[in-house]
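Take a look at the aromatic rings in this structure. Which ones pair up, and where do charges join them?

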Amino acid sequence: MIDISLSLCISVWSIGEGGAPEETEKCDDTQRSTLFVEKPQSGSVSVGENITFIAKVEAKDLLRKPNVKWFKGKWMDLASKAGKHLQLKESFERHSKIHTFEMHIIQAKENFAGNYRCEVSYKDKFDSCSFDLEVTESSQVVPSIDIRSAFKRSGDGQDDAGELDFSGLLKRREIKQQEEEPEVDVWELLKNANPSEYEKIAFQYGITDLRGMLKRLKRMRREVKKSAAFSKGLDPAYQVDKGGKVRFMVELADPTVELKWYKNGQEIRPSAKYIFEHKGNQRILFINNCTMTDDARYYVTAGDEKCSTELFVRDPPILVTKGLEDTNTYVGERVELSCEVSEDDANVKWFKNGVELTNEPKSRYRIKVEGKKHTLIIEEAAKNDNATYSVMTTGGQSEAKLSVDLRPLKISLALEDQTVRLGQEIHLKCEISENVQGKWYKNGQLVEASDRVKLYHKGRIHRFVIASAAVDDEGEYMFVPDAYNINIPCKVHVVDPPKLHLDGLGEGNTVTVVAGSKLRLEIPITGEPTPKVMWSKGDKWITDSGRIRAETYPDSSCLVIDTAEREDSGPFRITLKNEAGEDTALINIKVVDVPDPPQAPNVTEVGEDWCVMTWEAPANDGGSPILGYFIERKKKQSSRWMRLNFELCKETTFEPKKMIEGVAYEVRVFAVNAIGISKPSMPSKSFVPLAVTSPPTLLAVDGVTDTTVTMKWRPPDHIGAAGLDGYVVEYCFEGMDVFIIPYSFDSSSPPVFPKLADEWIVANPELTDKTKFTISGLPTGSKILVRVKAVNAAGESEPRYHPQPILVKEVIEPPKIRLPRHLKQTYTRRVGETVNLVIPFQGRPRAKVSWQKNGSPIDKNQINIRNTENDTIIFIRKAERNHSGEYNMKVEVENLVDKATIDIQIVDRPGPPEVVTIEDVWGENVNLSWKPPKDDGNAAITGYTIQKADKKSMEWFTVIEHYHRTSATINELVIGNEYYFRIFAENMCGLSEDATMTKESALIAKDGKIYKYPVYDDFDFSERPLFTQPLVNTFAVAGYNATLNCSVRGNPKPKITWLKNKVIIMNDPRYRMFSNQGVCTLEIRKPSPYDGGTYTCRAVNELGEAEVDCKLEVKGPLF
């Protein structure tokens, strides 16, 4: 907290909308130097150089580091401005116990000059020192501008983020001074204005929250009662520009009354932004550097009385610094109308003849904003763009006229008269001086573009093209440019000797027709007058009737063949004659058909899911070359064929794939030529895809004797549809001409044994279906190599080799019992359960296993024992308590022995306790005692369960469970009732089946004194709303949901209402409200910075209401 003496040195700032502070009175700091050892001294620096100010504080009497702040002027905290031009450092020297604080100003600028202040505080101690900085070598005079508006962050997230941007001061010099206009009080303007003009006033004076301001206007119109605590209260409302300073002042009737200031219900604490001042009975609050968040309701309390006001913060008016200029242009040109305003990215509206223009995607008008420059762009100007265009801001407007005219037109190239032969191209071309559209006319009639008539326009050149001239195309043509009263005429004359038009026929005038179909060959003809048409084949003339006939029309002649046959192939002659001449041509007719089907294909090779098939080409290709083949496949038992290739197979060999192993298939082939697809070939013989299995896995030695070797393995990983018929075991002796290439025995890379087939001996002439086999008759001491193959209907698989030679010699393995971990402790089972224990062991050869129970042989009629070479099993189908005991296991291999012991405990539920006695009865209590049961069920007693029963009903109720002692006191019995008691014993199996009951009953006697029940008044649970957990100021990230939470109590249940900036939130899908067990939650879906503000939760019931509010700040981009 700043010392009172310091506050007396702060001058009174002017009330108003962003006014600059008055000259401050200087205060002597030397009288208060209680912490500084060395104070920063005033200094001078040249522009672009560096300077350092040093302050030292002695830490001898301080328990922790003091708090130091650097200020520029009276209020600007420089800690938040550290960056490229300002650095704050601190250090501590342990020997001298001195704290050193440094402020480095780097590359000083002219506007860095001014008064600075350093403050140090520690608990209740405070010290302050002012010093000046002078920046020399400057020829320009710094204008009187509020330094607060120049200090701003020059970057966000960049290397020089946080730099003090003094360039704002320099930029302000370049702006021409606008004529000062009288200040307008928007508050008074709104109070006296018609409601229909509110929106216009809001835009003109930069009001963004019009609804909130009008609501506050309505609230402030209420009559204010005269206050006894305030001789002069706050004005109803204050208005200040953004970035300015405002002054609130009240006068107290009693200056000793404690005064508190509040903003939207939150108490205001002194800071660099909020400064308090006392002058006699006057209490003054200064708010510096006002922002839009300061636009709120403020009130001050003195005792129980309150005085409130409203503060309105408005953006400074946007001025038009450079207006629009009148513009003249021609049709089709790009037009840009530009202006400049006083602020970056300001809200600017454009108008055309008073109608607002929008920046919509489909609009001809595009609005471009570059900082302070705003531009209206028209890509291609038109005549209807002639208008007066204006731009309007909150502080001014500008307008200009746009004039769009036509350029003078000149004919660079005129149309020329043409004479063309019928069928030739008509090409009319002209060139004008301007790039404008136009229209073509023939004999005064408009000509539109079509498939026959092509109209081209490229730049200033216009062309009219008819690829093939007709008789009707003769006439007078004219081109008329749009928007110009000019026409360019010419004449076209068409002449036409007889001519056949065979452009649509193939190479060599060949026409191909499919056998059995109808041919109608239409040959276009031209000629004036209409020529005579004659058709012939060889020496035979074709008439206009019969299967082959000729049909003649004014502009064409048709050769018709009904049901074409292969004999119709050959040349046909057509002749044209008229007065202008003669024309003739030969037309070759070719009758083709689909090819014959190929012969049945042969399947030459079969695999796991594939096969290889071949076939012969068809004898007759139908008059057209074979293009390829289609192949189909089906299951033998099915009638559904499936196409295997969708691209033609060029060869006569094909490999079908993805068949199911073990299923019979058939295939067939189709031949394809240009005419179509032949009929299918006959199906091939049925075949079944089969494959050998993969090699057996995990081949290992299971046992070795002096003459035998026992091998074991696992089945193949992949068997296939052919199944598995069995295995072949082969071996050979080490030392023969067999050599092994060393390899890594990994299951993924099988070994390779170069070998001769005759050197391997088959151990089993017949296949074995087991995965274990003993090779017998081997000489003792020899070494053998072993391999195993899997066999099925497709043949033998690749062999699986044992990696090392095997020595044929029996090895003695000492016995070892591998007792499972759970059997090393007592093995417990309940009566009637099954006992099945498997104990593995090792020991070779011929290990002998024996069992004893409690030192005696086991009765095999009660307990089953089964022994194998690797383990022993003890099995009891239904356990009884006499099966409990100590079981001894012994494994012997020749003279070697290993032993193990297993404790088996068979447990059951216990018997009931012995005699239960009522030891004493007093008041509402009964003392019981009993003896433990004789039969504990072969397990420790874990507790007792005590039940009681009224003698009248004899219904039993449990009063105590899991009780460990043998005596207990039963409490809270009903006076006048008579009770019996019974007790169950309990062990790990549960409660005993029976219980022991007291022989006698216990009577709870009544006292002779009549008990009078006290009378209690009903408790009043009514309560006015009270927030037990307030809202907390919250920061949110734009685009991510935010929640506000608080808790309230009250009876009757209060009604909850949420407000934003004192406006009730209703029917807004962006907000979701929850209330559960007094916890109130407001969820804001994907907030943006516009959702920031003050949120209030209001609780109301019939006894009163309560409010709690908080601030929400949303960080992130606006869009």
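Tyr116 has 3% relative accessibility, so this residue counts as buried (buried means under 20% relative accessible area, exposed over 50%, partly exposed in between, with a 1.4 Å probe and protein chains only). Phe131 is buried too, at 1%. This is a predicted model: local features need pLDDT of at least 70, side-chain atom pairs count only at pLDDT 80 or more, and totals for chains, interfaces and linings use all residues. Residues are numbered from 1 along each chain as its sequence is written, and side-chain values use heavy atoms, leaving out hydrogens and water.

A search of the whole structure finds 21 aromatic pairs. Rings of Phe, Tyr and Trp (its six-membered ring) pair if their centres lie within 6.5 Å; planes under 30 degrees apart count as stacked, over 60 as edge-to-face and the rest as tilted. The rings of Tyr116 and Phe131 are stacked, because their centres are 5.9 Å apart and their planes meet at 15°. Tyr116 sits in strand β8 (residues 114-122) and Phe131 in strand β9 (residues 125-136), 15 residues apart. Strands (E, at least two residues) are DSSP runs, numbered from the N terminus. Ring pairs also link Phe53 and Trp70 with Tyr116 and Phe131 into a cluster.

Now move to Trp930 and Tyr944. Their pair is edge-to-face, with 5.5 Å centre to centre and 70° between the planes. Both residues are buried.

Charges come next. A charge sits over a ring if NZ of Lys or CZ of Arg is within 6 Å of the ring centre and within 35 degrees of the ring normal. Arg668 lies over the face of Trp641, 4.1 Å from the ring centre.

Key: Helices (H or I, at least four residues) and strands (E, at least two) are DSSP runs, numbered from the N terminus.
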